[in-house]
Each structure stands twice: as C-alpha cells, then as structure tokens.
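This report concerns charged side-chain pairs and a nonpolar surface patch in one protein model. Please consult the sequence and the structure shown here while reading.

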Amino acid sequence: MLKSIAVMTSGGDSPGMNACARAVVRTALYEGVEVWGINNGYHGLLDEDMYQMERKDVGDIIQRGGTFLGTARCKRWEKPEGRMLGYKNLVDRGIQGLVVIGGDGSLRGASLLSKETGLPIVGLPGTIDNDVWGTDYTIGCDTAANTIIDAINKLRDTASAHRRCIVLEVMGHRCGWLAMTAGIAGGAEYILVPEEEYDLESMCKDMEEAYKKGKRYILVVVAEGAGSAKDIGTYIAEHTNIDTRYSVLGHIQRGGSPTVIDRVKASQLGEQAALAIISGLSDVVFGFNKGHVVSINLHDAVNNKKKLDPEYAHLARVLF
C-alpha cells in the first residue's frame, strides 16, 4: 500500500476537474495516505511547484469550473530528460504514485513516465472533447455540451427573426462528439464533424429548397476539425440567396460551473483513482461504460483512437 501520492491536472481545462481532484485528495486522506498537489501540470512537476495537501485545500471548489491546481501544456515533458527530472522531484519528496487528470496528450505523457520509470500512475480522462479511447464519458464534456446548447438556443432566436442561416463553430479538432451531441439536442439542420464527409454544394441546394417551402432559419453546427465557420458561412452566402452569419463559440466552452453529471461522475472517478493508486495499481485509466465505472489500460487508451458512435450520425440524418 502506497503511503504518499500526488495529483495534477494537465492540458486543456475542463469543468469537473476540481470535483475530481477534490475526490482524489479526500479519499486518500480518508485512507490515511499523504497527498501532494502539483500546480500547473507538468510544468509544476518540473519546477518543483507542489505542496502537501489537507482537506481544507479542496474546500469550496466542487462548484467551480477550471482547475484550482492550474494547468499548462509543457514542451519540456516531451523529452526523456524532462520526464526523468519530474520523476526525481517526486522521489525526492517520497511520493510513490501519481494521478494525472487530463486529455489524450496528458495521458500520453503519463504513459511514457510509467514505462520509463515504473512509477505507479493512474489516469483520469479530463477533456471536453470526449475523445479518450475506452470510455463513454470524459470529465467536462457534459458541461461543454450544455454551454453549446445555450448558445444554439440564443442563436435560433435571432436566426428565426431574420430568416437567416447561422453557422456555429464548436471545439473538436479530431473528434466531433461535442458538435454531434449538441447539434442533435439543439435541433440543428446540419452537423459537420471530422469523421463524416459532407458536400457544401448539395447542402446549399437543399437549403434553398427548404426556404422556398417556407423554412424560416437554418442552423449549422460544425466541429473546428471539420472546417471553419467563417469559410462555410461565406460559401453558403455566395451560393444561395440566404442571409448567412457565423459564430465561433471558442473558449467559452471550457468554462462555467460544472453540471450535476460532471460533478458526480468526476467525483466517482477521483475516488476510484485514489483507491487504485493507493493499492499499488498502475497503468490504468478510469472511465465509464454504460453508466458503470470501468478501468482501461493506460497504454491502450493513448494508442487507440476513439470513434464517433455511428448511431449518432444516423440519428442526425433521420431527424434532419
């Protein structure tokens, strides 16, 4: 049984990271284990920016977005000498295991550290993109999807008033989960994702036919990895008689108070991670499958690509 562990958040922030880190800390302390918090992701680990935590250090944070530990992307961690320095900084403090909360890149960095040093590591999927292989859910994805829905609801009002087409760009470089789920829930007419091909010329023809039949507005949701809202909006405006506007939602998707789902599920994952690392379990990521917490091999999680559920794409076509 490990006597001292550390927890960190890394990569892009996501709502629920605080709830997750809080659960890790309080579970470990409940089990009589020493817990260290590492500030600013792998940067903090390399710069020795870490401290021993108490229960009060994670009070009044479950409702907050972002991450109280801070986060960053760290180029130095990509080099073996950087990872060895981080390992030394942990060993010097008697830290025997590490919990990493982050997305694909952060978990990949954790996987390398584990392979190179043998340090026990447990990963938790913290990313709004919901693109970590092996889990149906990642921390923050529900809050981000609800933020997009709020934007869609507001854009629909002005689109209907002016009989416009509005193209909304949301996050998702390689994974279209956010665009697809929010687009379905928001009643978008078109949802463009990196995983699916689309034909703008055909879309424009369909739009014009719909307007001739009395359509008042059209909403297009596009994942950033599938195209630029500006470029797509410009194309629609130039190839139809429809007044078209575009909106890029941007980093507002990362912020905000986490939803109930993100608070509870993040807390469940944090508890499981703490119990696992304390017991000496390593090289796993905890996630959800069909509503139940499951463990996924860490190296499998970072070396496989998660696919968008084809049932979502089918549903989007049916409901159009």
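The following paragraphs treat the salt bridges and then the nonpolar patch.

The model is predicted, so local features need pLDDT of at least 70 and side-chain atom pairs count only at pLDDT 80 or more, while totals for chains, interfaces and linings use all residues. Residues are numbered from 1 along each chain as its sequence is written, and side-chain values use heavy atoms, with hydrogens and water left out.

**Salt bridges**

A salt bridge is defined as a side-chain nitrogen of Lys or Arg within 4 Å of a carboxyl oxygen of Asp or Glu. By this rule the model contains 15 salt bridges.

| Arg76 | Asp47 | 3.1 Å |

Arg76 and Asp47 form a salt bridge at 3.1 Å. This pair links distant parts of the chain, 29 residues apart: Arg76 is in the loop between β3 (50-52) and α3 (80-92), and Asp47 is in the loop between α2 (41-46) and β3. Helices (H or I, at least four residues) and strands (E, at least two) are DSSP runs, numbered from the N terminus. Arg76 is partly exposed at a relative accessible area of 38%, and Asp47 is partly exposed at 46%. In these terms, buried means under 20% relative accessible area, exposed means over 50%, and partly exposed lies in between (1.4 Å probe, protein chains only).

Arg93 is partly exposed, with a relative accessible area of 23%; Glu48 is partly exposed at 43%.

Arg108 is partly exposed, at 33% relative accessibility.

**Nonpolar patch**

Leu315, Val318 and Leu319 make a nonpolar surface patch of about 270 Å². Patches are made of residues with over 30% relative accessible area and no salt bridge; like charges are joined within 9 Å and nonpolar side chains (Val, Leu, Ile, Met, Phe, Trp, Tyr) within 5 Å. Accessible areas come from the Shrake-Rupley method with a 1.4 Å probe, and for residues only the protein chains shown count as cover. Val318 lies in helix α11 (residues 310-319) and is exposed, with a relative accessible area of 52%.
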